[in-house]
Amino acid sequence: MTLSGKAAELLRLHLDPELLVLVNVWDVISATTVSGLPGCRAIATASYSIAASHGYPDGERIPLDEMITAIGRIAAAVDLPVTADLEAGYGDAGTTVRRAIGAGAVGGNIEDQMRPLGEAVAAVQAAVRAGEAEGVPFVLNARTDAYMLAADRDPAAVRADAIERGRAFLDAGASCVFVPGRLDAATVGALVEGIGQRKVSVIWTPGSPGQQELAALGVARISFGPWTQRHVLAALADAGTALLAGGSLPPAR
């Protein structure tokens, strides 16, 4: 497919009644492994995991050139649509999205970091315009950090902020609203009611509602952020511990 075709397919997957499940990847081998699994329909990168694999902490500490190169290698290695975690846009969401498209991504996340709403909306608009300028209907999963940065704020106020920002991002052209955090079913349901059916994406963390429940609540997509890489590294640590203690590897799969 062309980039435009992949973008159209990625948007369709967000609107499809079936929950879009994205198993996050961080390099070519993780991407090709995941892309070949039954039921995999698109690929999502995780900024934390890409940064960690290059020796950087999260939070735009990895240079943008290195991040874009990693995204490009992943996109070139798979035939599926790729949505990229672009953190907060590296100070220029429009330019960052254009570079991500140039690397082969057809969708992406941009964080608001709870900046003033006008600034956050302007970043969304810049990202959407960048896709239009490149001739690619970029599928923007606009992220609000209302819950990630909530601290001890009143839950009702946090929910109201998330809904207000989510609606504003959709009005500015975003395709979906990403609300990461440890959310229970009641909170997810309230967010979907306030933002829209098939317009909310969440991250799964230990203790989150199950996939069937999230689908029934009207969530569009779930992803796993750094948890997939942590799981792989935990398996490596277990295997390494056994080998260093004189054990052996199980037969190769």
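**Strand β4 and its place in the sheet**

Eight strands form an open sheet in the order β1-β8-β7-β6-β5-β4-β3-β2, with parallel pairing. At the edges stand β1 (20-22) and β2 (43-44), each with a single partner strand, so one side of each is left without a neighbour in the sheet. The model is predicted.

**Pairing with β3**

- Strand β3 (residues 82-85) pairs with β4 in the parallel sense, over three bridges.
- Within this pairing, A84 has G108 of β4 as its bridge partner, and D85 stands opposite N109.
- Helix α5 (residues 93-102) carries the chain from β3 across to β4, in a β-α-β crossover that is right-handed.

**Pairing with β5**

- Strand β5 (residues 139-143) runs parallel to β4, and five bridges join the two strands.
- On this side, G108 stands opposite L140 in β5.
- A right-handed β-α-β unit is made by β4, helix α6 (residues 117-133) and β5.

**Background**

- Strands of a sheet pair through backbone hydrogen bonds, in either a parallel or an antiparallel arrangement.

Technical notes
Residues are numbered from 1 along each chain as its sequence is written. This is a predicted model: local features need pLDDT of at least 70, side-chain atom pairs count only at pLDDT 80 or more; totals for chains, interfaces and linings use all residues. Side-chain values use heavy atoms; hydrogens and water are left out. Two strands pair if DSSP finds at least two bridges between them. Helices (H or I, at least four residues) and strands (E, at least two) are DSSP runs, numbered from the N terminus. A crossover is right-handed if, with the strands pointing away from the viewer, the path from the first strand over the helix to the second runs clockwise.
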